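Colleague: I'm new to this one. Can you put it up and walk me through a few spots?

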Amino acid sequence: MDGLIKGLVDVAIGHNDRRNDDDQNSSESLDERSRSTWAQVVTGEQDNDHNSSSAAAPQSQTHSRYNVAHGENYGVDDENSEFRRSRPQQNEQEEDNDGWQTAHKKHHRRPQRVHMDHWGSYKSPPDEQQYTEEVQDTNEMEPSEAELSDYKRACAKLWKLDFNRLTPGQDYEIDVGEGKRVHDSEDMAEASLFTWLSENVLRKPTFSRFCALLDNYNPHEGCKEKITDEERREQAAFIEEISRTAPIKYLYKYLSSTGIFTENYQEFKRMLKDLWFTLYGRGGTCGSSSSFEHVFVGEIKERGEQQVSGFHNWLQFYLEEANGSADYQGYILPRRNEQFPDAETQLLTVQFEWNGVLKSLSSMFVGVSPEFELALYTLCFFAGDEDNHIEVGPYPVNIKCYRLGNKIGSAFPIAEA
């Protein structure tokens, strides 16, 4: 069993070990765990996924995106304890054993490497793990009266407090290619979106712990999830890590000062874990989704024509693109011609395929930290509305935030002119 899981890890370029459910009988085969990446909400259009009462998706076969060759496309550097991706020898659009159409592999200018020798420690009990030191409270982290009276100002403050945000050209490089209209079918990107990412980025504690969570989900919207004890530990450890950062500390101070959340910091961390990781129903199946899975990881809707659902996190896209599962096809042309994205842009509206399924319109921040995104969406959920027209850094943006009862159904940015 460990050998199979190691193969899966190799194919996911450093995603942490998965636990198989081989003890399940054949009637439970639809619940097999497969690594997932990305979810969908159609940017700029209403997201119907916030209605969890939709019809159940047909469950013909569970597709695991990482079963092909069990990692034969990846090599291990024993000296440096790192996984590296070697060039695949498959033809473009070759179909794997599970029926997925593999996105064609585009040229990467530099080797993709993910150091993951420390990721296994994230499965330990949270109180036995090592965390970074908490950021020191400063006056900058105290919400001002103006921010307390207007949550949009608080959202803008989170951008300033994102001390872990990456610098384009220094920490990573992107090639946005050429633009296209939403309904254009031509691939306008000759290369991958990400051409390079510094090896130090995925060693950052919050980035690393975030990536370790991404393989905990089945990509099919209608398949019931089963969360293991190890996965719960990963979740709790991730919340503990981000709770030591400035954006999350500021979020707590803001919610406390406005009376939205009145418990102590320990209860606040438990609330965040419940908000983002508690399972709920989607696609007609109870316990098949969560806020984290939908917003950051991803789901495939199979009711009618297949659609990608969610898919709004740049780290997940980077890993999936490097793995060959995501095919970037260009940015969506802005409504006003003067605002074209470039290599420095950190808010993109793009089109891509994921495992052969088209996402015609999606938006994502690029280079921001996991704690920034989680804090921003949580703040809009508690203090804002479905539409949250704000400014973060140089970007005017509408943060769409859909509710599923007392949970986040979806949250994502829409770039505004």
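Modeller: Start with Glu 241, which sits in helix 5 (residues 229-242). Helices (H or I, at least four residues) and strands (E, at least two) are DSSP runs, numbered from the N terminus. This is a predicted model: local features need pLDDT of at least 70, side-chain atom pairs count only at pLDDT 80 or more, and totals for chains, interfaces and linings use all residues. Residues are numbered from 1 along each chain as its sequence is written, and side-chain values use heavy atoms, with hydrogens and water left out.

Colleague: Is Glu 241 buried or exposed?

Modeller: Glu 241 is buried, at a relative accessible area of 2%. Buried means under 20% relative accessible area, exposed over 50%, partly exposed in between (1.4 Å probe, protein chains only).

Colleague: Which side chain does Glu 241 join in a polar contact?

Modeller: That of Arg 209, at 2.9 Å. A polar contact is a pair of N or O atoms within 3.5 Å; within protein, one must be able to donate a hydrogen and the other to accept it, and residues adjacent in sequence count only if both atoms are side-chain atoms.

Colleague: Let's switch to sheets. What is the strand order in the open sheet of three strands?

Modeller: The order is 14-15-16, with antiparallel pairing. Two strands pair if DSSP finds at least two bridges between them.

Colleague: Which strands stand at the edges?

Modeller: Strand 14 (387-392) and strand 16. Each has a single partner strand, so one side of each is left without a neighbour in the sheet.

Colleague: How many bridges does strand 15 make with strand 16?

Modeller: Eight, with strand 15 covering residues 395-404. Asn 398 stands opposite Ile 414 of strand 16. Strand 14 and strand 15 pair over six bridges. There, Asp 387 has Lys 400 in strand 15 as its bridge partner.

Colleague: And what links strand 15 to strand 16?

Modeller: A hairpin with two residues between the strands. Gly 405 takes a positive phi there, near 65°.

Colleague: Why is strand 16 called largely enclosed?

Modeller: Eight of the nine residues of strand 16 (residues 407-415) are buried, so the rest of the structure largely encloses it.

Colleague: Which residue other than glycine has a positive phi near 60°?

Modeller: Phe 311. This residue is in the loop between strand 10 (307-309) and helix 9 (314-323). Phe 311 counts as buried, at 0% relative accessibility.
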